[in-house]
Amino acid sequence: MYQEGAIRKKRRNNNSTPREREREREREAKSMASLPAQSVLSLQILVLFVASVCVHDCIGGVIESRKQREFDYFALALQWPGTYCQRTRHCCSSNACCRGSNAPTEFTIHGLWPDYNDGSWPSCCTRSNFDIKKISTLLDDIQKYWPSLSCSSPSTCHGGKGLFWAHEWEKHGTCSFPVVRDEYEYFFATLNLYFKYNVTKVLSEVGYVPSNTEKYPLGGVISAIQNAFHATPLLSCSNGAVEELQICFYKDFKPRDCIIGSTTRTDVLSSASCPKYVSLPEYVSPGLKNGDAAFPWLPQHEAL
């Protein structure tokens with residue numbers, strides 16, 4: 001009924017003179033001005049409600065999970081500590097590069113990232129805040145194989161700064177549904193993939209070991225991983241040193257090539273950031289000063 005009336009009104013306006021159309025607009029303006037205050041207030045409340053919805057659902061320009069489509073595959077992102085740790089200018093208790101003889105000497109986990117085949121990715125999909133107590137039984141392995149290699153505190157999805165693990169769970173882990181359904185499953189699944197697809201071991205078996213003098217053929221590094229896992233990895237480098245390596249998986253956690261669209265990611269990114277010969281640098285950790293706690297983010301007075 002409303003649409004039909006609007007159509008009729010439009011037709012009348014098309015057949016009327018300019019002066020008649022001007023009078024029609026004046027009458028409509030007076031009619032709007034005479035709306036009761038309650039109607040105006042209701043309209044204002046509606047506007048405020050819509051604005052509040054955006055504030056809660058729009059985080060950094062990314063809409064929450066109900067607005068993002070399901071991801072296509074996982075990328076297990078690994079960091080080479082020798083490359084990252086060389087940037088350390090001062091030590092702090094949260095930086096694994098400062099653990100002295102306990103500093104990592106093999107690939108460590110950066111995160112498990114849900115990605116799209118077109119090269120983009122979802123992020124910050126729900127308002128599920130990180131809770132370290134939920135992964136208390138995994139902490140020994142997480143501290144060793146998934147440490148922070150920086151003194152900085154990364155941003156979280158909902159404002160403020162937090163732990164490295166909080167950043168990974170809130171930004172990436174929350175977008176792993178329906179394959180991964182909660183925080184514990186996310187960290188458990190990531191650790192399992194890391195142990196099962198041991199890149200450090202694969203490279204060591206073909207003679208590619210940490211060294212500050214040796215360089216290894218990029219093609220050889222890629223081929224070694226392809227032969228072991230039957231999938232093409234993605235590598236990125238910094239000043240000729242391997243910085244990050246990604247292995248990609250289908251949603252059932254079987255290996256697959258890392259791709260952007262129809263092109264393998266190694267063709268796109270490895271050739272751009274890595275030279276033909278790359279290094280896996282060693283790093284000698286200076287260690288912590290006396291009295292520094294190794295893991296200050298774990299409250300001593302609070303049971304996990």
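A salt bridge is a side-chain nitrogen of Lys or Arg within 4 Å of a carboxyl oxygen of Asp or Glu. Side chains of opposite charge can pair when their charged atoms come close. The structure here is a predicted model, in which local features need pLDDT of at least 70, side-chain atom pairs count only at pLDDT 80 or more, and totals for chains, interfaces and linings use all residues. Residues are numbered from 1 along each chain as its sequence is written, and side-chain values use heavy atoms, with hydrogens and water left out.

## Salt bridges

The structure holds 3 salt bridges. In one of them, the side chains of Asp118 and Arg69 meet, 3.4 Å from N to O. Asp118 lies in the loop between strand 4 and helix 5, and Arg69 in the loop between strand 2 (62-63) and strand 3, so the pair ties together parts that are 49 residues apart in sequence. Helices (H or I, at least four residues) and strands (E, at least two) are DSSP runs, numbered from the N terminus.

Next come Lys251 and Glu70, whose side chains form a salt bridge at 2.6 Å, N to O. This pair links distant parts of the chain, 181 residues apart. Lys251 is in the loop between strand 7 (241-249) and strand 8 (255-256), while Glu70 is in the loop between strand 2 and strand 3.

Glu243 also forms a salt bridge, with Arg87, and their closest N and O atoms are 2.0 Å apart. Glu243 belongs to strand 7 and Arg87 to the loop between helix 4 (81-85) and strand 4, so this pair ties together parts that are 156 residues apart in sequence.

How covered are these residues? Buried means under 20% relative accessible area, exposed over 50%, and partly exposed in between (1.4 Å probe, protein chains only). Glu243 counts as buried at 15%. Asp118 is partly exposed at 48%, and Arg69 is partly exposed at 49%. Lys251 is partly exposed at 30%, and Glu70 is partly exposed at 42%.

## Disulfides

A disulfide is a pair of cysteine sulfur atoms within 2.5 Å. A search of the whole structure finds 7 disulfides. The table gives some of them.

| Pair | S to S distance | S-S torsion |
|---|---|---|
| Cys91 and Cys98 | 2.3 Å | about -100° |
| Cys92 and Cys151 | 2.0 Å | about -110° |
| Cys248 and Cys258 | 2.0 Å | about 105° |

The torsion sets the handedness. For Cys91 and Cys98 it is about -100°, so the disulfide is left-handed. For Cys248 and Cys258 it is about 105°, so the disulfide is right-handed.

Cys98 is buried at 0% relative accessibility, whereas Cys91 is partly exposed at 32%. Cys92 is buried at 17%, and Cys151 is partly exposed at 26%. Both Cys248 and Cys258 are buried.

Is strand 4 enclosed or open? Of its 8 residues (108-115), 8 are buried, so the strand is largely enclosed by the rest of the structure. Two strands pair if DSSP finds at least two bridges between them. Strand 3 (residues 73-79) and strand 4 pair in the antiparallel sense over 7 bridges. Within strand 4, Gly111 is the bridge partner of Ala77.

Helix 7 (residues 183-196) has 14 residues. The expected span of a helix is 1.5 Å times one less than its number of residues. For helix 7 that gives 20 Å, and its end C-alpha atoms are 20 Å apart, which agrees. Its buried residues include Tyr186, Phe187, Leu191 and Tyr194. Contact means heavy atoms within 4.5 Å. The buried residues of helix 7 pack against strand 3, strand 4, helix 5, helix 6 and strand 7.

## A buried serine

Ser148 sits in the loop between helix 5 (139-145) and helix 6 (164-171). Ser148 counts as buried at 15% relative accessibility. Not counting residues up to four places away in sequence, Ser148 touches Ser94, Asn95, Ala96 and Phe164. A polar atom of its side chain lies 3.1 Å from the backbone oxygen of Ser150.

Methods: Polar contact = N/O pair within 3.5 Å; in protein donor to acceptor, adjacent residues only side chain to side chain.
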